[in-house]
Amino acid sequence: MELKYSYCSDKYQYTMGKSFYETGRKDEMAVFNMFFRTAPENNNWAVVSGTEEVISMIESLGGESAEFYEQFLPGDEYAEFREYLSKIKFTGNVYAMREGEIAFPNEPVIIVEAPLIEAQILETPILCIMNHQMAVATKASRVCRATDKPVSEFGSRRAHGPWAAMYGGKAAIIAGCANTSNILTGIYNHVASTGTMAHSFITSYGSTVEGEHRAFNDYIKTHKEENLILLIDTYDTLSCGVLNAIRAFRENGIDDNYPYGYGVRLDSGDLAYLSIKVREILDKHNLKKCKIFATNSLDEYLITDLERQGAKIDGYGVGDAIATSKAAPCFGNVYKLVQISGMPVLKRSEDTIKLINPGFQITYRISGHSSEHGEIYEADVTCIRGDKTSRLIEAGDEFTIYDEHDRYKFKTFEKGAYSYRPIQDAVIVNGKTVYEKRSLLEKRDFYKQTLSKFSPSERRLINPHYYKVDISEEMIKIKSDIIERINKEIQEFSID
């Protein structure tokens, strides 16, 4: 049967749904926010990827027979509910950040406004999609920010299954990778996938120095008018690998005039030392445009160190560090109810970090202007839609934002001295998709453009400066009022 991601869900979404259905609450309008509380690896922010797949998943919700639901909701007591589910389609609204957007903790990346059952049963598939892709995209961003050289994503063999490999390649490109080795990512996103050769190609000619030469020679002959990258560390990088590559290039007329690009790849050893020595040998033989490409369990920390050592590397291939977001494989997006029937709600927790922002929200990114750098981002503020702060921002009037936990930390934006943009767009309205499709490379361009408007201190990998992210005065008050009321009720609560 066709795999529909809308049913990649947890059963309790549907057991709760049965209760909503039988108590007459199924059509109460609910608002759920998907957001994260902290970014991985002490990041100040995360890169958004996956919203397009979420939209497709929501579009596919429903259309199944009552018999389909009987497979996981058996028994006569579920019969009426199964009939209801067999006719369900999403009828609500979805607001989401664009793919390639930079998101900060507690800002809603996706907002679902819909009848309660419809919104509730989307929780698990939304989180499944977004937690995977945002983990990969955020890690890819870190790796790419470690260098100004191109980074290729080579992680399919380490990814957590074919789905993860395909969409992980997509997320990596959005967050700055030059390309991916994954064929399906290339096909479905209309971009070229990339690849060179494995050690097995060379050893298939026999484990001899001359076999290595024959492998290089045959590869070049069968890939003329393509970019040519030869893997030179199968036996000995400096004593035979690079020399056999030079022989094969010469014998096939490949030199600095070759228009399609050519190079060698290092996959083991001391990459800094070897790259410097290989560069010297290539230059000595007048192959000055021959690129040096490096792989071998790289991540942003190793790449930063290679750059610091003056490695002569022109491009990097990164596998499992990106494909599995190796250092932080579990991204922390959550999906929480923030409003029901027009009433803001929140989850109060013993853990302060788990206290959520209530109400139907919108986030504005506030920009200033620098004569040196042009538009620069100065702050994000999340408001209750239509509250006083929201109205002031949209009118271009003066407004002030305060740190929720320290009233002495505030910033005033004067009239005419700022611009703004909402960072959640309507992507589904009354069940109909209004999302503007963009190509994968357009998404990457948007990410790079967005990134460039943050300060260098906010973009750095180690101890980044924290960008100003606040909520409106009106939301602070609503949040405080709810907490005070709950605390009072708890203090007065008892049972006989």
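Reader: How many bridges join strand β14 to strand β15, and do the two run parallel or antiparallel?

Author: In this predicted model, strand β14 covers residues 361-370 and strand β15 covers residues 374-384. Within this pairing, Gly368 stands opposite Ile376 in β15. The two strands run antiparallel, and the number of bridges that join them is 10.

Reader: Over which ring does the charged end of Arg365 sit, and over which ring that of Arg385?

Author: The charged end of Arg365 lies 5.4 Å from the centre of the ring it sits over, which belongs to Tyr377. For Arg385 the corresponding distance to the ring centre is 4.3 Å, and the ring is that of Tyr95.

Reader: What kind of aromatic pair do Phe399 and Tyr418 form, and how many residues apart are they?

Author: The ring centres of Phe399 and Tyr418 are 5.2 Å apart, with 80° between the planes, and the pair is edge-to-face. Both residues, Phe399 and Tyr418, are buried. Phe399 belongs to strand β16 (residues 399-403), whereas Tyr418 is in the loop between β17 (406-413) and β18, and the pair links distant parts of the chain that are 19 residues apart.

Reader: Why does the pair of Phe454 and Tyr467 tie together separate parts of the sequence, and how many residues apart are they?

Author: Phe454 and Tyr467 form an edge-to-face pair, at 5.0 Å centre to centre and with 75° between the planes, and both of them are buried. Because Phe454 lies in the loop between α16 (440-452) and α17 (456-459) while Tyr467 lies in the loop between α17 and β21, the parts tied together are separated in sequence by 13 residues.

Reader: What is the strand order of the sheet of 6 strands, and why is one side of β7 and of β8 left without a neighbour?

Author: β7 (179-180) and β8 stand at the edges with a single partner strand each, so one side of each has no neighbour in the sheet. The sheet is open and its pairing is parallel, in the order β7-β6-β11-β10-β9-β8.

Reader: Which residues cover the two faces of strand β8, and which residue of β9 stands opposite Ile229?

Author: Strand β8 (residues 228-231) has Leu228 and Leu230 on one side and Ile229 and Leu231 on the other, and all of these are buried, so that both faces are covered. In a regular strand the side chains alternate between the two faces of the sheet. β8 is joined by 4 bridges to strand β9 (residues 262-266), with which it runs parallel, and the residue opposite Ile229 is Gly263.

Reader: Which residue of β11 is the bridge partner of Ala294, and which strands of the sheet does α12 touch?

Author: Strand β10 (residues 291-294) runs parallel to strand β11 (residues 315-318), and 2 bridges join them. The bridge partner of Ala294 in β11 is Tyr316. Helix α12 packs on this sheet, its direction making about 150° with that of β9, and the strands it touches are β9 and β10.

Reader: Is His190, with its positive phi, buried or exposed?

Author: The phi of His190 is near 60°, a positive value in a residue other than glycine. His190 is placed in the loop between α8 (183-189) and α9 (199-203). Its relative accessibility is 74%, and the cut-off for this class is over 50%, so His190 counts as exposed.

Notes
Residues are numbered from 1 along each chain as its sequence is written. This is a predicted model: local features need pLDDT of at least 70, side-chain atom pairs count only at pLDDT 80 or more; totals for chains, interfaces and linings use all residues. Side-chain values use heavy atoms; hydrogens and water are left out. Two strands pair if DSSP finds at least two bridges between them. Rings of Phe, Tyr and Trp (its six-membered ring) pair if their centres lie within 6.5 Å; planes under 30 degrees apart count as stacked, over 60 as edge-to-face and the rest as tilted. Buried means under 20% relative accessible area, exposed over 50%, partly exposed in between (1.4 Å probe, protein chains only). A charge sits over a ring if NZ of Lys or CZ of Arg is within 6 Å of the ring centre and within 35 degrees of the ring normal. Contact means heavy atoms within 4.5 Å. Axes are lines fitted to C-alpha atoms, for helices over the stretch in contact, and angles run from 0 to 180 degrees between N-to-C directions.
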